[in-house]
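Reader: I would like to learn how to read the sheets in this model. Please take me through them.

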Amino acid sequence: MTLPDDDRVIDPDAPQYNATLVRRVDHTEDLATFWVRYDDEPVPFEPGQYMTTGVFADGKLWQRPYSVASPPRESRDGGYEFYVRLVPIIRFTTLLWRLPLGHRMRMIGPKGKFLLEPDDRRTHLFISTGTGIAPFMSMMRETLAEGRPRKTVILHGCSYVDELGYRAELEAWVRDGTYPVTYVPTISRPDDPRNAGWAGRHGRAEHVVREVCRDLRLRPDRTVVYICGNPDMILNAEAVLMDGGFPEFHVKKELYWPKGKVVPAVTG
Ligand SMILES: Cc1cc2nc3c(=O)[nH]c(=O)nc-3n(C[C@H](O)[C@H](O)[C@H](O)COP(=O)(O)OP(=O)(O)OC[C@H]3O[C@@H](n4cnc5c(N)ncnc54)[C@H](O)[C@@H]3O)c2cc1C
């Protein structure tokens with residue numbers, strides 16, 4: 001990926017900073033996981049909520065909301081985990097990618113109402129593309145740690161196999177039965193050389209959701225659906241579900257940007 005030159009000067013020590021970038025794992029050239037820890041006491045949050053984090057550059061605070069992928073119980077030691085895509089325009093993510101470990105940041109929150117219902121015994125269908133899987137990881141990790149995992153189907157759509165974040169963790173849960181989850185990854189560009197050897201499902205998440213519901217016999221009256229990420233995918237998937245008899249109040253949505261706002265180089 002060719003990034004535009006970003007020569008903004010990042011302020012290493014603004015008085016508003018209250019947290020630190022403590023860990024980072026890169027998955028591809030434009031997908032990475034970041035852990036940000038409060039300098040003082042962590043702020044409680046519920047799985048599905050987001051934090052807003054940022055840094056000052058050229059005297060301006062650049063900050064964005066990110067769903068927390070980690071469970072609340074890890075905030076104190078591990079920090080808040082964020083699964084982020086680099087957007088190749090000079091805004092916040094081009095700054096985030098330049099930050100060295102140990103750099104201080106501003107973090108506020110939590111916010112958001114994309115939450116699990118208490119004691120919901122319905123099957124949970126989690127649908128996401130790209131980084132939209134993040135809140136579902138927090139929900140599943142927390143309910144697992146509580147010893148109350150919920151029957152779940154997680155449909156995750158990506159352009160490339162190497163973008164299937166959290167795949168190893170989800171496959172391990174399936175393999176050893178730790179979590180009652182059916183993991184359904186789907187790849188939207190099966191013919192791309194980067195996906196050579198992929199024998200799994202292909203097609204965009206919103207295009208396969210109908211067959212997934214049919215194959216797994218997900219009944220509208222016994223399923224609650226959560227959809228997160230790309231707004232076009234969310235609205236298309238929702239339309240398919242409505243058409244399949246899912247009542248509107250059984251579908252919850254978290255849009256990562258307003259519908260219609262697209263950066264040409266970004267895919268999912
Ligand atoms: C509630 C909420 C939670 C969010 N959680 C996450 C998260 O966990 N991980 C994450 O990577 N982003 C998440 N986002 C998006 C994030 O806040 C930023 O918009 C994104 O990181 C890009 O920041 P930017 O300043 O570089 O560009 P921005 O000016 O914020 O966005 C520019 C454009 O980039 C595209 N874009 C934005 N986010 C993404 C994305 N994730 N994948 C592909 N294209 C994108 C859109 O077309 C958008 O209009 C979330 C947004 C909201 C509203």
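This is a predicted model: local features need pLDDT of at least 70, side-chain atom pairs count only at pLDDT 80 or more; totals for chains, interfaces and linings use all residues.

Reader: How many bridges join β9 to β10?

Author: In general, strands of a sheet pair through backbone hydrogen bonds, either parallel or antiparallel. Two strands pair if DSSP finds at least two bridges between them. Strands are DSSP runs of E, at least two residues; helices are runs of H or I, at least four; both are numbered from the N terminus. Here β9 (residues 181-187) and β10 run parallel, joined by 2 bridges.

Reader: Which helix touches β8 and β9?

Author: Contact means heavy atoms within 4.5 Å. Axes are lines fitted to C-alpha atoms, for helices over the stretch in contact; angles run from 0 to 180 degrees between N-to-C directions. Helix α3 (residues 167-176) packs on the sheet, touching β8 (152-158) and β9, at about 140 degrees to β9. Helix α5 (residues 231-243) touches β7, β11 and β12, at about 160 degrees to β11.

Reader: What is the strand order in the antiparallel sheet?

Author: That open sheet of 6 strands reads β4-β3-β6-β1-β2-β5. β4 (60-67) and β5 (80-85) each have a single partner strand, so one side of each lacks a neighbour in the sheet. Between β2 (residues 31-38) and β5 there are 6 bridges. Phenylalanine 34 stands opposite phenylalanine 82 in β5.

How values were computed:
Residues are numbered from 1 along each chain as its sequence is written. Side-chain values use heavy atoms; hydrogens and water are left out.
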